[in-house]
Amino acid sequence: MANQQLRLDRSGLVLLYIFLGTLREFGAEQIRYSVPEETDKGFFVGNISKDLGLEPWELTERRVRIVSRGKAQLFALHPPSGSLITAGRIDREELCETMSSCFLNMEILVEDTLKIYGVEVEIMDINDNAPSFREEEVEIKVNEHATLGSRFPLPNARDPDVGMNSLQRYQLNPNSYFSLQVRSRTDGAKNPELVLEETLDREKEAIHFLLLTALDGGDPIRQGTVPIRVVVLDINDHIPKFTQSVYRVSVPENLSSGSRVLMVNATDPDEGINGEVVYSFRNMESKASEIFQLDSRTGEVSIQGPLDFEKYRFYELEIQGKDGGGFSTTAKMMITVVDVNDNAPEITITSSTNSVLENSPPGTVIALLNVQDQDSGENGQVSCFIPNNLPFNLEKTYGNYYKLITDRALDREQVQSYNITLTATDQGNPPLSTKTHILLNVADDNDNPPTFAHSSYSAYIPENNPRGASFFSVTAFDWDSKENARITYSLVQDTIQGAPLSSYISINSDTGVLYALCSFDYEQFRDLQLQVIAQDSGDPRLSSNVSLSIFVLDQNDNAPEILYPALPTDGSTGVELAPRSAEPGYLVTKVVAVDRDSGQNAWLSYRLLKASEPGLFTVGLHTGEQAPPNTDWRFSQAQRPGTSGSQNGDETGTWPNNQFDTEMLQAMILASASEAADGSSTLGGGAGTMGLSARYGPQFTLQHVPDYRQNVYIPGSNATLTNAAGKRDGKAPAGGNGNKKKSGKKEKK
């Protein structure tokens, strides 16, 4: 019946606490709730989603969670309703013992914004404990001659509830000899005492049986009782007396087990057993009994268990001195625990990421961490820092929370990962510190285009090359990684002589090796200009271009072509005439030949393959002549760089230095020789230019051109183009090997 009544009372309190447990803001980001103890698991504490400004479904969407700091989790989130609920049974007395107010603090983390909210929950006491005595029975010995008003201490009752639910008063059953008085201690505890009201007579009544009752102020009232047995003794004249009524001592929390705290002393002038004082603790809390011990004979108080300033900072003990006759007295002992810097700071990584994208903006959050120190004062003041040479900052946010953020944009190509050391140091002496590490990888962003080793490339390929053969390769490098550094090569589309570039050249997209898709002909085209693209596979893709010049190298794949003398079209043999009186060295004819190749491949030499009279005729090795011409027909040696126009010495000269000028010169030779053969020669036009500067540009003058006037023989005449021109001008050839006619003789052709 009592249990049923208790449940009904609790139900009423629960309704009351729910009504009173409305949320109110505490500071900028502090939320407060209240909940009664002993509620069932899942009991509603508060509408946390509403107080966070969120919808219930956002608790899951935004990864809202309770941050635990090593303590058992007493509360949980219920996303469907957006509520904060109890995670199990909550015993206020277990959590806060005798503290008048019991508050539990936690933090709510909104993961996606890394924002922390403080939540404080007050645990409301219910009257779930009755006062109780540690002793099952108390025996008090009183001398029969004890004076009226003598006081005898009684045991204290213990009630772990607080407020009105805690111990409120004591009662003593009605009797004729004793009354009850209660003294209040400085800590609020109530000490009952038995007061002698009538003179005792041992012979009349040797033992008195009393009942002490302790009552709380709950509704209904709970109570506990202990029987008291008063034994009336013969005379013991003196009561023990302590040297101090209150003993005060301060001890450091790191005092080792077995160390002496202090020595108490009580004296009794009686002799024998009546003067022997025995010491004991009275009304000692269980926690204190585990830490302190008292030598009953010497009065020495020593340590037997560890002190912890962070849990208990002050102890108030009561020591009783009792003689052999049964007289006793008490004294108080006030023990203050002094904080020692015995707790290193604790660093808790609440939330962190192991990777951050390079080029992320400054202020990007890497981790959220909490720093705690269980010590107090300066010993509990903590500073947190990271090395100065890192591109990160620690920014304090809510309470003891810090954000680790980027100080500037990161560059993976310079540093790929960071091992960040977080150090927390307190202000104690000596200071204690704790370190923890966060390994952060810098993720690659496609911020580097491929780069070629050279600003431009030149490749050479011989003409008549085999189709499909590789002839060159280009290489680009990308400082990024993985897909961002995977390079593909391609060619910029272009058209060459009406055909797409892809029909001439291809490139391996993976290796950058170039292949010739056709066999090149130097005489068709001699160089190609193209652009190679290197593109990575990032998003977005980045690319670079480089110019590639491909030069076709001439091969000796063209035979010389004889322009003069021309082969008759009627199938007959060509005829050249010479006078019978011709002397050795007489110029019979000039052979003019060209080669479509270039460079040394186009240098020509002449020899007779067949002659009916081998000894009669010779041909100039480099000139194609059968006799040296007159010296006035020639240019100076410095003016004749061409091979077929060179004379004297080894009949060699110097061709133009670059391929382009050589090719232009060859084209000019062909045109000039053709005009000379058909009689439309313009070789005489334009003083000193042979008409070439107008056709091929002012850089080509007589000094660049072999004199084909001396190399081209005019049939039916003993003169070349040059001496024929001289005759027209009324000038005779000067000296040399000119041919003279003899009088009275006919010419023999």
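Strands β29 (residues 365–372) and β32 (residues 401–406) run antiparallel to one another in this predicted model, paired over 5 bridges. Within that region, Asn370 sits opposite Tyr401 of β32. Both strands belong to an open sheet of 4 strands, ordered β27-β29-β32-β31 with antiparallel pairing. At its edges are β27 (346–352) and β31, each of which pairs on one side only. From one strand to the next, the twist averages 25 degrees.

## Aromatic pairs

The structure holds 12 aromatic pairs. A pair of this kind is described by the distance of the centres and the angle of the planes. Here are two of them, side by side.

| Pair | Centre to centre | Angle between planes | Arrangement |
|---|---|---|---|
| Phe392 and Tyr418 | 5.2 Å | 90 degrees | edge-to-face |
| Phe452 and Tyr457 | 6.4 Å | 75 degrees | edge-to-face |

Phe392 lies in β31 (residues 392–396) and Tyr418 in β33 (residues 417–426), so their pairing ties together parts that are 26 residues apart in sequence. Elsewhere in the chain, Phe292, Tyr312 and Tyr315 form one aromatic cluster.

In soluble globular proteins, nonpolar side chains tend to be buried together. The largest core in this model has 30 residues, and those with the most contacts inside it are Phe452, Ile505, Phe520, Val532 and Ile550. Which strands supply at least two residues each of this core? They are β36 (456–462), β39 (488–491), β42 (505–507), β43 (513–516), β44 (527–535) and β45 (543–553).

Setting aside residues up to four places away in sequence, Ile505 touches Phe471, Leu491, Leu514, Tyr515, Ala516, Leu517, Phe520, Leu530 and Ile550. Two of these partners, Phe520 and Ile550, are also listed among the core residues with the most contacts. A second, separate core has 26 residues, including Leu262, Leu294, Ile303 and Leu317.

## A buried glutamate

Glu193 has a relative accessible area of 13%, under the 20% limit, so it counts as buried. What do the polar contacts of its side chain look like? One of 3.0 Å joins the side chains of Glu193 and Arg151, and another of 3.4 Å joins those of Glu193 and Arg183. Leaving out residues up to four places away in sequence, Glu193 touches both of these arginines, along with Phe152, Pro153, Leu154, Ser179, Leu180 and Gln181.

## Ala443 and its partners

Ala443 lies in strand β34 (residues 433–443). At 26% relative accessibility, Ala443 counts as partly exposed. Which residues does Ala443 contact, leaving aside neighbours within four places in sequence? They are Ser355, Val356, Leu357, Glu358 and Arg412. For Glu358, the C-alpha separation from Ala443 is 5.8 Å, although the two residues are 85 residues apart along the chain.

Technical notes:
Residues numbered from 1 in each chain as written. Predicted model: local features only at pLDDT ≥ 70, side-chain atom pairs only at ≥ 80, totals over all residues. Heavy atoms only, no water. Core = buried A, V, L, I, M, F, W, Y, C linked by side-chain atoms within 4.5 Å. Buried < 20%, exposed > 50% of the residue type's maximum accessible area, 1.4 Å probe, protein only. Contact = heavy atoms within 4.5 Å. Polar contact = N/O pair within 3.5 Å; in protein donor to acceptor, adjacent residues only side chain to side chain. Phe/Tyr/Trp six-rings, centres within 6.5 Å; stacked < 30°, edge-to-face > 60°. Pairing = 2+ DSSP bridges. Axes fitted to C-alpha atoms, helices over the stretch in contact; angles between N-to-C directions.
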